[in-house]
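Hello,

Here is the structure we talked about. Please open it first, then read the notes below.

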Amino acid sequence: MIYLKDIATLQVFPEKCTGCGRCMEVCPHAVFKLENRKVSIVSKDRCMECGACEKNCDFGAIFVKAGVGCAAAVINGIIKGTEPNCDCSGSSGTCC
Amino acid sequence: MKFETLKTSDRRISPLIQVKSSCGCSDPANNTISEKGALTPHYISGYISIGAESIPVVSTKLSARDKWETVKARISSFRMHYSVKPGLYAAGEPDDSSDVIVTSNYKMSFDAVRSSLQGMNVWILVLDTKGINVWCAAGKGTFGTSELLNRLSRVRLGEVVTHKKIIVPQLGAPGIDSGEVRRKSGFSVLYGPVRSEDLKKYIADGYKCNDDMRRVRFDIIDRLILTPIELRQILLKFHYFALFTVIFFGLTPEGIIFRDSIYKGYIFIFAGLLSVFAGAFFTPVFLPFIPFRSFALKGWVAGSAFFAGVLYLTGAAATHNTFLVLSVMVLFPLLSSYLALQFTGATTFTSLSGVKKEIKLAFPVYIAGTALSFIFLVIYKISDWGLI
């Protein structure tokens, strides 16, 4: 299943990539491929912006504005005037 | 039985758990989920001594109670307090060369891991994720670098094993900076498979995953399992809607007539339930088969289809007030849409940017649609009172 087109904030900076393959290991949606010891994006629309690749890239070769793709979290954030957060473990009992 | 509030700051020792045990599953005294007390939890089969420490050994077989609690966690707020104590556990008879598997302290995650380790000798390091599963906790950062570093030093893992590697679930990666973990603790993070059932193969193959083991799935069973919680959360609020319906339809110039509440309001109650079904059950379950990528559109399409179908089959358009029918047709597919949009939080593939865009586009429509529907409803009411 694929979500909205051309919306993910994922970017790769090939000049910084060393081809270690760590991002391919952590990506749950096989967004990357390795070619000539450089990583590139196969399908940006498969990216869910979990941020695993960026967080685990030791070379700063990936950027993504990571977050949870959860409507309740975004609405919570709008109501409270904060960033989207799914910190709803309180009394409401609703959470991911 | 008596319900006594426990005086503790630890929310995991919840008086609710003890109250809930009145479901008849077991004696409340044995039903403490957190292990602060002196009781040994039922999934601990013994202890291993390492120096002065004794490390609990977990059973790798799930008991009937574990399975029943999994069901409860899937359908009720039981899951909010369903956790195990963070720390180091053993499966089998591990020694200083055995692998270390990291997981969260949500009991269902912990159960998934230990039940995948039959016949193996490994250590299980449970992080304190406040009873949340690995992936969600990683998204929040509680399954994160600082908690991992803290837990590694608290259990003195360096004194338990002689090697320098830990197996972290791949879905924990959004919270873990493996470079920082290596620099600060000396332990190298190996990212294991997405599903714990693949752990054995991963280790046997020399810490290697095939492509399938690295991919997240979201098939029809996965989606179906998530719907009871979605439905429950909505139906918990349904009485507000029911109350509004009873008052609005019962309202006459002479006061509230309950006969009218039922004879005229039943259509609204039925429509409410149908839109919940379309948005929070049908749409999630048949997600890939409903047109459009947007969840808001998927929900609206499903809701509209159901309402058009019911209207056609019952011929309600001919027998009911036109403005009432219009009000229903505007409002309830939008409610289905909103509920389908809520399901983004349970999926494995929606992104924050995408959800933000959907909300930005959908909410003005929701507000306008609700207002329009209300106008139709008021016109219906006025004509029902015979004023026009």
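**Aromatic rings**

Over all chains, the structure holds 27 aromatic pairs. Rings of Phe, Tyr and Trp (its six-membered ring) pair if their centres lie within 6.5 Å; planes under 30 degrees apart count as stacked, over 60 as edge-to-face and the rest as tilted. One of the pairs is Phe238(B) with Phe241(B), which is tilted, with 5.3 Å from centre to centre and 55 degrees between the planes.

A word on the source. This is a predicted model, where local features need pLDDT of at least 70 and side-chain atom pairs count only at pLDDT 80 or more, while totals for chains, interfaces and linings use all residues. Residues are numbered from 1 along each chain as its sequence is written, chains are lettered from A and ligands numbered from 1 in the order in which they are written, and side-chain values use heavy atoms, with hydrogens and water left out.

Phe238(B) and Phe241(B) both lie in helix α11 (residues 238-250) of chain B. They are three residues apart, about one turn of the helix. Helices (H or I, at least four residues) and strands (E, at least two) are DSSP runs, numbered from the N terminus. Both Phe238(B) and Phe241(B) are buried. Buried means under 20% relative accessible area, exposed over 50%, and partly exposed in between (1.4 Å probe, protein chains only).

Ring pairs also build a cluster, including Phe238(B), Phe241(B), Phe248(B) and Tyr380(B). The charged end of Lys381(B) sits over the ring of Phe248(B), 5.2 Å from its centre. The term means that NZ of Lys or CZ of Arg is within 6 Å of the ring centre and within 35 degrees of the ring normal. Lys164(B) does this with Phe187(B), at 4.4 Å from the ring centre.

**Helix α7 of chain B**

Which residues of helix α7 (residues 178-185) of chain B are buried? They are Ser178(B), Gly179(B) and Val181(B). Seen down the axis of α7(B), the buried residues fall within an arc of 165 degrees, so they line one face of the helix. The arc is that of the directions from the helix axis to the C-beta atoms. On the other side of α7(B), Arg183(B) and Lys184(B) are exposed.

At the start of α7(B), a side-chain oxygen of Asp177(B) reaches to within 3.1 Å of the backbone nitrogen of Gly179(B). Just after α7(B), Gly186(B) takes a positive phi of about 85 degrees.

**Salt bridges**

Side chains of opposite charge can pair when their charged atoms come close. A salt bridge is a side-chain nitrogen of Lys or Arg within 4 Å of a carboxyl oxygen of Asp or Glu. By this rule, there are 19 salt bridges over all chains.

Take Arg65(B) and Glu69(B). Their closest N and O atoms are 3.1 Å apart in a salt bridge. Arg65(B) and Glu69(B) are four residues apart in helix α2 (residues 64-75) of chain B, so about one helical turn separates them. Arg65(B) is partly exposed, at 24% relative accessible area. Glu69(B) is buried, at 3%.

Glu69(B) also forms a salt bridge with Lys107(B), with the closest N and O atoms 3.9 Å apart. Lys107(B) lies in helix α3 (residues 107-114) of chain B and Glu69(B) in helix α2 of chain B, so the pair ties together parts that are 38 residues apart in sequence. Lys107(B) is buried, with a relative accessible area of 2%.

Best wishes

Technical notes: A polar contact is a pair of N or O atoms within 3.5 Å; within protein, one must be able to donate a hydrogen and the other to accept it, and residues adjacent in sequence count only if both atoms are side-chain atoms.
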